[in-house]
Amino acid sequence: MSSREDYERLRLQEQQEQVELELEIQRNHTMSLHSFPKLSEYYTHMTAFVSLAIFIATLLTILNISIYLTTVMRLRRHLDKPLRIPSILMVSLYPVISVAALVTILVPSSWFLCHTVMHAMFMVGGPIFRTLLFRYVISEQNYLKETSAEPVSLNTPPVCCCCGCLPTVIPTKAKLCISRYMVWQMPFWQGSIMLVMNILYYRDRQLYHEVMLFFIPFIVGSIILGVWSLQITVRMITKIRGDYQLRKKMFCLQLVVMLCKLQYLILYEQLNNIKMGGEYPINHTVYKQTIINILILVEMVLVSMMAQSAYRTPIQVQIDQSNIH
């Protein structure tokens, strides 16, 4: 009887060890597919796909920087200083994003930090763009004088689909101040969240995955408030500066968060359904990140060209010189 019990105990123990071994193999396989390689391993086991991707990414980044330099030269010729500096800062967002995407391909383990840089471009671009909008009308006070307290509709994207009954309001200093805070909260609020998320990601990956979902509502809420305020401001300034292509400039700014945040998250999950790459180190995650960032680089070239077209107006210096003559 004792020998039979020992046999059953040994059999159960062997089965348990077999299950643990299979789980360990599966865990190691999952890690080999989704973990980021060390830099030395990455370049030691370089594949033709990754080499070609680095070459294409470098060319796209150089092209984006070339478009940016051409745009800056044009802005320096056509704009006076009050408009020149914020305009140059706005078109600077896209080459910075391109460099961040290139660095992600060159150093795969830095993807989260580079993704934060892309996200930060929208956080910083929002306040700069609002400053530029009111410099088109000299200042907020001058806007109130020019419009004579004309009512403004609050029913603008992204809240128009869920808050269609919002009334019109008459702009005042206090209400413009609230609008300013709605935009300026983005770099402070989201910057603090992204800083905490970066610390968690690089210090305690497991804790990061556990708390990540709790941060998303705060980030989304902050973005909605900022975009809503900017859309209202664009509508206000367009009434008296309708030939400045303000909606096109706003769309170029919105593309940053749409392509670098929304598209990134969607593709990151969708590409998991497609088997790519091989075993560690050039694994599925490396291929996935490379494809996403190549796509972002192509899109940033197109957005830079669109921004170059949008910031052709106003041609302030030429107008001032013609007025002098």
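Which residue, with a positive phi, follows H7? It's Ser148, with phi near 55°. This is a predicted model, and the protein chain in it has twelve helices and two strands. Of its 325 residues, 44% count as buried.

**Overall layout**
- Going along the sequence, the pattern reads α-α-α-α-α-α-α-β-β-α-α-α-α-α.
- Take the contacts between residues at least 6 apart in sequence: 78% of them join residues at least 24 apart.

**The largest pocket**
- The largest pocket has a volume of about 1,100 Å³.
- It has 34 lining residues, and those closest to the centre are His115, Tyr208, Met212, Leu265 and Tyr268.
- Six helices each give at least two residues to this lining: H1 (2-34), H6 (111-135), H8 (173-203), H9 (205-238), H10 (246-270) and H11 (284-310).
- H9 has the largest share of the lining, with ten residues.
- Sorted by class, the lining of the largest pocket has 22 nonpolar, eight polar and four charged residues.

**A closer look at Tyr268**
- Tyr268, one of the residues closest to the centre of the largest pocket, sits in helix H10.
- Setting aside residues up to four places away in sequence, Tyr268 touches Trp111, Lys288, Gln289 and Ile292.
- For the pair Tyr268 and Ile292, the separation is 24 residues in sequence, and the C-alpha to C-alpha distance is 7.7 Å.

**The second largest pocket**
- The second largest pocket comes in at about 230 Å³.
- Its lining has 14 residues, with Leu154, Val169, Lys175, Ser179 and Ile232 closest to the centre.
- H8 and H9 are the elements that supply two or more residues to this lining.

**Helix H7 and its buried side**
- H7 spans residues 140-147, and its buried residues are Glu140, Tyr143, Leu144 and Thr147.
- These residues lie on the same side of H7 because they cover an arc of only 100° around the axis.
- The packing partners of the buried H7 residues are H6, strand S1 (152-153), H8 and H9.

**The nonpolar core**
- The largest nonpolar core holds 86 residues, and the ones touching the most other members are Phe129, Tyr136, Ile296 and Tyr311.
- In soluble globular proteins, nonpolar side chains tend to be buried together.

- As background, most residues other than glycine have a negative phi, and most peptide bonds are trans.
- Ile138 isn't a glycine, yet its phi is positive at about 80°.
- Ile138 is in the loop between H6 and H7, and counts as exposed because its relative accessibility is 65%, above the 50% cut-off.
- Gln245 is another non-glycine residue with a positive phi, near 55°.
- Gln245 belongs to the loop between H9 and H10 and is partly exposed, with a relative accessible area of 28%.
- The peptide bond joining Thr313 and Pro314 is cis, with omega about 0°.
- Pro314 is found in the loop between H11 and helix H12 (316-324).

Note on methods: Residues numbered from 1 in each chain as written. Predicted model: local features only at pLDDT ≥ 70, side-chain atom pairs only at ≥ 80, totals over all residues. Heavy atoms only, no water. 1 Å grid on protein atoms, 1.4 Å probe; cavity = no way out; pocket = protein on both sides within 12 Å on 5 of 7 lines; lining within 4 Å. Points joined across faces, edges and corners; volume = space filled by probe spheres on them. Helix = DSSP H or I, 4+ residues; strand = E, 2+ residues; numbered from the N terminus. Nonpolar A, V, L, I, M, F, W, Y, C, P; charged D, E, K, R; others polar. Buried < 20%, exposed > 50% of the residue type's maximum accessible area, 1.4 Å probe, protein only. Arc of directions from axis to C-beta. Contact = heavy atoms within 4.5 Å. Core = buried A, V, L, I, M, F, W, Y, C linked by side-chain atoms within 4.5 Å.
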